[in-house]
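This briefing covers sheet pairing, nonpolar cores, salt bridges and one backbone angle. Please view the structure first.

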Amino acid sequence: METINRIAVIGAGAMGSLFGAMLSAAAEVVLIDPAREHMAAIRRDGVQIESGDGSLRSVSLTATTDPSQAETGFDLAIVMTKAWATREAARTARSLLRKDGLALTLQNGVGNREMIAGVLGPERVLAGVTAHGGTLLGPGRVRHAGRGPTRIAGGAEVPEAAAEQVMAVFRAAGIEVTLAENLDSTIWGKLIVNVGINALTALLRVPNGVLAEAPRCERILAQAVAEAVTVAEALGISLPYEDPVEHVKTVCRETAANRSSMLQDVLRGARTEVDVINRAVVRKGAAMGISTPWNQFLSEMIEALEATPDHRINGCD
């Protein structure tokens with residue numbers, strides 16, 4: 001089994017920067033992201049990681065906005081872009097990887113692995129989910145807002161040795177990782193967490209923990225999650241936990257200080273991933289005749305926020 005020595009992280013926002021920094025303990029890592037100020041700060045000062053106790057550490061990494069400036073022949077490409085940028089990220093991965101190099105998506109939502117596999121081939125693409133949480137505090141600076149296991153699955157087309165290679169480098173970097181036997185269960189298990197947390201925190205502009213503390217928030221969370229569970233069951237997908245609503249609330253508590261990725265997008269006036277999260281539940285439900293009004297409403301509210309960033313009233317304006 002070959003060793004993974006060189007890793008390209010494509011999409012180096014909060015989570016990409018965080019994982020790049022952690023994995024640099026075991027491999028050569030290059031961060032690739034179009035955010036010029038963020039990449040410049042990392043080149044100058046490293047990734048500045050703030051822990052839950054307020055302590056700060058710096059991890060030196062190579063960072064670039066231009067993939068053509070990075071050397072080719074990488075063993076692994078970790079795709080952590082927003083879902084709407086997945087196809088371009090897959091093309092970037094193809095240009096950077098060695099001929100038999102692997103790609104791993106740790107993105108939100110459904111459909112990312114399939115899109116990357118369409119570019120690289122299904123035998124080279126793994127998918128995973130992680131309980132780590134990250135918040136981008138500013139250029140080059142990330143808060144490590146939640147910790148937990150990472151689960152990786154390869155699917156029927158991926159050789160078992162490929163998954164072992166990826167898990168070996170994660171473990172060498174001190175990242176808790178396990179092999180998930182069922183790819184659909186793994187992805188939908190994370191999707192349902194995002195369904196319950198992301199849109200609601202973005203609309204309310206609150207950190208994750210609030211949703212598990214306020215009964216009125218819990219009710220909306222539970223309704224959105226229940227709809228997604230109904231759709232998953234209709235698709236024949238078994239989830240990796242017994243009580244989905246309680247599991248999502250547990251994640252809220254464990255990442256209480258974290259700002260969800262969708263909240264971070266809304267605060268920046270950026271495009272969100274609602275299309276591959278709540279809206280994906282709506283689409284798949286409609287295809288099977290399942291009503292999903294709570295996810296429909298959350299999707300439309302987020303889409304309305306995306307359409308009106310220049311008209312936002314802040315504070316006492």
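The points below are grouped by topic.

The model is predicted: local features need pLDDT of at least 70, side-chain atom pairs count only at pLDDT 80 or more, and totals for chains, interfaces and linings use all residues. Residues are numbered from 1 along each chain as its sequence is written, and side-chain values use heavy atoms, with hydrogens and water left out. Helices (H or I, at least four residues) and strands (E, at least two) are DSSP runs, numbered from the N terminus.

**Sheet**

- Four strands form an open sheet in the order S4-S3-S10-S9, with mixed pairing; two strands pair if DSSP finds at least two bridges between them.
- The edges are strand S4 (56-59) and strand S9 (133-138), each with a single partner strand, so one side of each has no neighbour in the sheet.
- On average, neighbouring strands of this sheet are turned by 30 degrees against each other, direction ignored.
- S9 and strand S10 (residues 141-146) run antiparallel and are joined by five bridges.
- Leu-136 is placed opposite Val-142 in S10.
- Helix H2 (residues 36-45) lies across strand S3 (47-50), S4 and S9, and runs at about 90 degrees to S3. Axes are lines fitted to C-alpha atoms, for helices over the stretch in contact, and angles run from 0 to 180 degrees between N-to-C directions.

**Nonpolar cores**

- A nonpolar core is a set of buried Ala, Val, Leu, Ile, Met, Phe, Trp, Tyr and Cys residues joined through side-chain atoms within 4.5 Å. Buried means under 20% relative accessible area, exposed over 50%, and partly exposed in between (1.4 Å probe, protein chains only).
- The largest nonpolar core has 45 residues, of which Trp-188, Ile-192 and Leu-211 touch the most other members.
- Elements giving two or more residues to this core are helix H6 (183-204), helix H7 (215-234), helix H8 (244-254), helix H9 (261-268), helix H10 (278-287) and helix H11 (293-307).
- H6 supplies the largest share of this core, 11 residues.
- Leaving aside neighbours within four places in sequence, Leu-211 has contacts (heavy atoms within 4.5 Å) that include Gly-196, Leu-200, Cys-217, Leu-221 and Cys-252.
- Another core, of 39 residues, lies apart from the largest one, and its members include Ala-12, Leu-76, Ile-152 and Phe-170.

**Salt bridges**

- The count is 15 salt bridges, a salt bridge being a side-chain nitrogen of Lys or Arg within 4 Å of a carboxyl oxygen of Asp or Glu.
- Asp-75 and Arg-98 form a salt bridge at 2.3 Å, N to O. Asp-75 is in strand S6 (residues 74-79) and Arg-98 in strand S7 (residues 97-105), so the pair ties together parts 23 residues apart in sequence. Both Asp-75 and Arg-98 are buried.
- Arg-98 also forms a salt bridge with Asp-100, with the closest N and O atoms 2.5 Å apart. Arg-98 has a relative accessible area of 16%, while Asp-100 is partly exposed at 42%.
- In the salt bridge between Asp-265 and Lys-82, the closest N and O atoms are 3.0 Å apart. Asp-265 lies in helix H9 and Lys-82 in the loop between S6 and helix H3 (86-96), so this pair ties together parts 183 residues apart in sequence. Asp-265 is buried, with a relative accessible area of 1%, and Lys-82 is partly exposed at 22%.
- A network of salt bridges links Glu-218, Glu-246, Lys-249 and Arg-253.

**Backbone**

- Most residues other than glycine have a negative phi.
- Arg-205 has a positive phi, near 60 degrees.
- Arg-205 sits in the loop between H6 and H7 and is partly exposed, at 36% relative accessibility.
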